[in-house]
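Please read the following report beside the sequence and the model, which are shown just below.

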Amino acid sequence: MSSLEEPLGFDKLPSMSTVDRIQRFSAGACRPRGDDRGMGNCWIEGRSCSTSNSCNEDYEEYRGEAFPWRRHAREVSEGDAFNRRASSLSKNRMKFGHVCDSRYLPDHQYSSKCNDRGIQGTTNKFLKGIPKFVKIVEVGPRDGLQNEKNIVPTSVKIELIRRLVSSGLSVVEATSFVSPKWVPQLADAKDVMKAVCDVKDARLPVLTPNIKGFEAAIAAGAKEVAVFASASESFSKSNINCSIEESLVRYHAVCHAAKELSIPVRGYVSCVVGCPVEGSIPPSKVAYVAKELYNMGCFEISLGDTIGVGTPGTVVPMLEAVMAVVPAEKLAVHFHDTYGQSLSNILVSLQMGISTVDSSVAGLGGCPYAKGASGNVATEDVVYMLTGLGIQTNVDLSKLMSAGDFISEHLGRQSGSKTAIALSRVTADASKI
């Protein structure tokens, strides 16, 4: 277990080297300088920064109306604040009644959906403007399985893809046409693609690291591809064995070939808030790579927190910088749940106008080139949260859970989805009554 993963307790104070590594990924550390972001300076009121990541505290115009959830100066005593809060809660209760109608449904599934008088009917400033529909890009068959040490049979991968599509997921990333030398788990990409290319009602994109991979994917029947760049120079060299600029040259060639065949290309940017080698990544670097991919023809750019160190405090300035150069409707977010921050990061992304979310069934995932990176956020957990927010996904949660149970059983371990575990317990308890 690395120092980044080890929990810190009062009984074991960390060494200075450990503190330094943690500070590299802290919310303060990841807030960039104004010149790095190209977006202004301090994004949140009342936050001081370290000398290595300083903000201009005199910049008043930007912080005035930056976000509705900014910290307000405390101009009243604690007693007055408490009285006002109590009064506000009382008024809300009188006006809206019970906000959420949480109950057991006839099929014994717990519902977090709000009733007619709840959040869906309010003009709550925290939820106002979130999308009514969110497209989920399921990455389990590729990103979820690529780090598994034991080879998953081709037939299991094919069945998993079919089950995911049958749950209502409209985009399922099927596999990756990379060298078997680097990712042996996906050596059967050709066989998987040929077996599922006839699947209806869903797009099945595949990753292609270069023009050779693109040609192999098209020959196998792929109708959509994806390319992946990094915002970290070090990670780019360890992951795809070339610099950021060299990778962009490769992807120009892929995009040009894809355009000739009318093949859509999706772009990925990894390490958008932190790198296992470099630490925090300035949002300006993420914005640069995202803009390059968008300009070369990628119809959508997925922003990935590869090692899962992001928090809303670091995700917001990153998104803000990228949205200055790429339209929000062309962006997606891709969070790993290493520190349990994925759902909060997704929520704040929705508040900022993002309406496409990557996730992995049963929380499968990890990166072979990012030590300590745990699985992606579980698709079941994302669907459950979105349903509770009144957001449509067109995904059948019970069928999705069935797909998660299928692959988890084959892998010989419990699902990584808290929602799947909880609902399974509820169903099991109800069956005993």
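E159 counts as partly exposed, with a relative accessibility of 31%; in this report buried means under 20% relative accessible area, exposed over 50%, and partly exposed in between, calculated with a 1.4 Å probe and protein chains only. The structure is a predicted model, in which local features need pLDDT of at least 70 and side-chain atom pairs count only at pLDDT 80 or more, while totals for chains, interfaces and linings use all residues. Residues are numbered from 1 along each chain as its sequence is written, and side-chain values use heavy atoms, with hydrogens and water left out.

E159 forms a salt bridge with R163, and the closest N and O atoms of this pair are 2.9 Å apart; a salt bridge here is a side-chain nitrogen of Lys or Arg within 4 Å of a carboxyl oxygen of Asp or Glu. The two residues lie in helix 7, four residues apart, about one turn of the helix, where helices (H or I, at least four residues) and strands (E, at least two) are DSSP runs numbered from the N terminus. R163 is partly exposed as well, at 29% relative accessibility. Also placed in helix 7 is S155, which at 51% relative accessibility counts as exposed. The C-alpha atom of S155 is separated by 8.1 Å from that of V192, which is 37 residues apart from S155 along the chain.

How many salt bridges does the structure hold? The number is 10, and the table sets out individual pairs from among them.

| Pair | N to O distance |
|---|---|
| D143 and R142 | 3.7 Å |
| E148 and R413 | 2.3 Å |
| R163 and E159 | 2.9 Å |

In the salt bridge of E148 with R413, whose closest N and O atoms are 2.3 Å apart, E148 lies in the loop between helix 6 (140-144) and helix 7 (154-166) and R413 in the loop between helix 16 (397-411) and helix 17 (418-431), so the pair ties together parts that are 265 residues apart in sequence. E148 is buried at 16% relative accessibility, whereas R413 is partly exposed, with a relative accessible area of 42%. In the pair of D143 and R142, D143 is buried with a relative accessible area of 5%, and R142 is buried with 7%. Apart from these pairs, K135, R266, E300 and D358 are linked in a network of salt bridges.

Leaving out residues up to four places away in sequence, D381 touches L343, S417, K418, T419 and A420, a contact being heavy atoms within 4.5 Å.

Cysteines are the next topic. A search of the whole structure finds zero disulfides, a disulfide being a pair of cysteine sulfur atoms within 2.5 Å. The sulfur of C255 has its closest cysteine sulfur in C298, 4.1 Å away, which is too far for a bond. C255 is buried, with a relative accessible area of 7%, and C298 is buried at 2%.

A231 is found in the loop between strand 7 (225-230) and helix 10 (233-240), and it is buried, with a relative accessible area of 1%. The C-alpha atoms of A231 and V286 are separated by 5.1 Å, although these residues are 55 residues apart along the chain. Beyond four places in sequence, the residues that A231 touches include I244, V269, C271 and V286.

The chain contains 17 helices and 13 strands, and buried residues make up 48% of its 433 residues. Among contacts between residues at least 6 apart in sequence, 72% join residues at least 24 apart. The average pLDDT of the chain is 79, and 68% of the residues score at least 70, where pLDDT is the predictor's confidence in each residue, from 0 to 100. Over residues 1-24 the pLDDT stays under 50, and the model has 20 contacts beyond four places in sequence for this stretch. Over residues 26-114 the pLDDT is below 50 too, with 124 contacts in the model beyond near neighbours in sequence. Where pLDDT is low, the predicted coordinates should not be read in detail.
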